[in-house]
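Have the sequence and the 3D view open side by side as you read. We'll walk through the fold one region at a time.

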Amino acid sequence: MTQINAERLLADMRALARFGACGTGVDRVSYSEADQASRRWLRDRMTEAGLTARIDRVGNVAGISARADRAVVIGSHTDSVPRGGWLDGAMGVIYGLEITRSRIEQGLDRTLGVDVVSFQDEEGTYLSCLGSRAFCSDLSDADMARASGPGGETLNAAITRANYGGSVWVRDPQRHKAYLEAHIEQGPRLEAAGLRLGVVTGIVGIRRFRITCGGQADHAGTTPIALRRDAARPLIHLAHWVHTEVATLGGADTVWNVGMMMVRPGAANVVPSESEMVVEFRDTSLEILDRIEQGLLAQVHAMDGRAGVTVKAQSIASSLPTLMDARLVTLGDEVACALGEPSMRMVSGAGHDAMIVGRVLPSVMLFVPSIGGRSHDIVENTTDTDIVLGCQALAALVTRIEGLDL
Ligand SMILES: [Zn+2]
């Protein structure tokens, strides 16, 4: 059983938070000066811990536990959103560092290594989950060439500017047994339930559509209602449909959002000639996502052309759900229980590197509570005792994986 050093864990997390410090949070978007400096610091901490560490071509910081042929990968990301929190991503990376360092000190690294990684640009300043996609060889030159970030700088220009060199660190099927990612919950559910550990069963897939309607502008006082080609009416009907019917088509974890609505020209005395909205829904079940999509498109089709108004739907984003490995989810529950903390099984409504890596390696995520459910803001925080508990749970999970034939 790996004994982690809680004080060292918290000290390293606070040291990392000094890079790009911004009030109580961090501003450490990928390829910024603060991000680059933090990666060099992390590489040096990995080397000190006894890992073979390097920063790869895209900026992933990888530390290899050299004495074992097989290893689990523990990691997350250390880039942040602008004015982000100090724990989002960073906690999962420092957990990996502390666990592998403790295992080396206790001579446990000969049986199963722990390779540690901070993936580049999970937050998508240039290209969402860039580092984990590169690790999984799930990135084409064309994907790279299309991506750009702050000030219009292309991703390739940012990589050249950072000048990390070398090759990309990629998954080794002979070596890598599983991927473990701990993260703050970034929502209120654990706190509301009075629980301290969440075990993620899956990361949602997303379907996003732009709906556009075309009618005719007329005087809103003189044109009889029956003769209007009002572009707002079908849109309002569809928004109502989303908020009343998606719940019946979906499951307990389905979420949906009408995040943008617009009517043009946008005057009280003009019948709208055009309207537009963006709607998305998320779930971990492909079947549910398909069912909602079919329902939405059937509504759009039925309304198209009615009362002289065209209604069109265009898919603007679609991502697949990723299920976590069922055996690792069970082990997650077991280690939580052994620590005297009943766990909550939950889906992740936010994207994570595990969404990418989980498609090619057995993976699981552990969540610890976010105070007030707050995240992606400098107020983001978690109690020290919960931070330490999460690391102990993850260390115990590694021990259990030693005996598992994955
Ligand atoms: Zn994150």
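Let's start with a term: two residues are in contact if their C-beta atoms, placed from the backbone, lie within 7 Å. Keep in mind that what you're looking at is a predicted model. Now try the term out on leucine 394. Leaving aside residues up to four places away in sequence, leucine 394 touches Ile74, Tyr95, Ile99, Leu180, Ala182 and Leu366.

In soluble globular proteins, nonpolar side chains tend to be buried together. Here, the largest nonpolar core has 83 residues, and Val72 and Leu394 are the ones that touch the most other members. Which helix gives the most to this core? It's helix H12, residues 384-402, with 10 residues.

Now zoom out to the whole chain. It is divided into domain 1, made of 6-203 plus 321-402, and domain 2, which covers 205-319. The C-alpha centres of the two domains are 38 Å apart. Where they meet, domain 1 supplies six residues and domain 2 supplies eight residues. On the domain 1 side of that contact you'd find four nonpolar residues, two polar ones and no charged ones.

Next, have a look at helix H3, residues 90-105. How far should a helix like this reach? At 1.5 Å a residue, its 16 residues should span 22 Å, and the end C-alpha atoms are 23 Å apart, which agrees. H3 is also mostly covered, since 14 of its 16 residues count as buried, meaning that 20 or more other C-beta atoms lie within 10 Å of their own. After H3 comes glycine 107, whose phi is positive, near 70°.

From a helix, let's move to a strand. Strand S9 takes in residues 205-214, and its side chains alternate. Gly205, Arg207, Phe209, Ile211 and Cys213 point to one face and are buried. Phenylalanine 209 shows both pairings: its bridge partner in S11 is valine 279, and its bridge partner in S12 is serine 315.

Between strand S10 (255-264) and S11, the loop holds proline 265. A cis peptide bond joins arginine 264 to this proline, with omega about 5°.

One is arginine 83, with phi about 50°, in the loop between strand S5 (71-77) and H3. The other is cysteine 129, with phi near 60°, in the loop between strand S6 (113-119) and helix H4 (130-135). Is each of them buried or partly exposed? Arginine 83 has 15 other C-beta atoms within 10 Å, so it is partly exposed. Cysteine 129 has 25 C-beta neighbours inside 10 Å, so it counts as buried.

Methods:
Residues are numbered from 1 along each chain as its sequence is written. This is a predicted model: local features need pLDDT of at least 70, side-chain atom pairs count only at pLDDT 80 or more; totals for chains, interfaces and linings use all residues. Helices (H or I, at least four residues) and strands (E, at least two) are DSSP runs, numbered from the N terminus. The expected span of a helix is 1.5 Å times one less than its number of residues. A residue is buried if 20 or more other C-beta atoms lie within 10 Å of its own, exposed if 12 or fewer, and partly exposed in between; C-beta atoms are placed from the backbone. Two strands pair if DSSP finds at least two bridges between them. A nonpolar core is a set of buried Ala, Val, Leu, Ile, Met, Phe, Trp, Tyr and Cys residues joined through C-beta atoms within 7 Å. Domain bounds come from an automatic or database domain assignment. Ala, Val, Leu, Ile, Met, Phe, Trp, Tyr, Cys and Pro count as nonpolar, Asp, Glu, Lys and Arg as charged, and the others, Gly among them, as polar.
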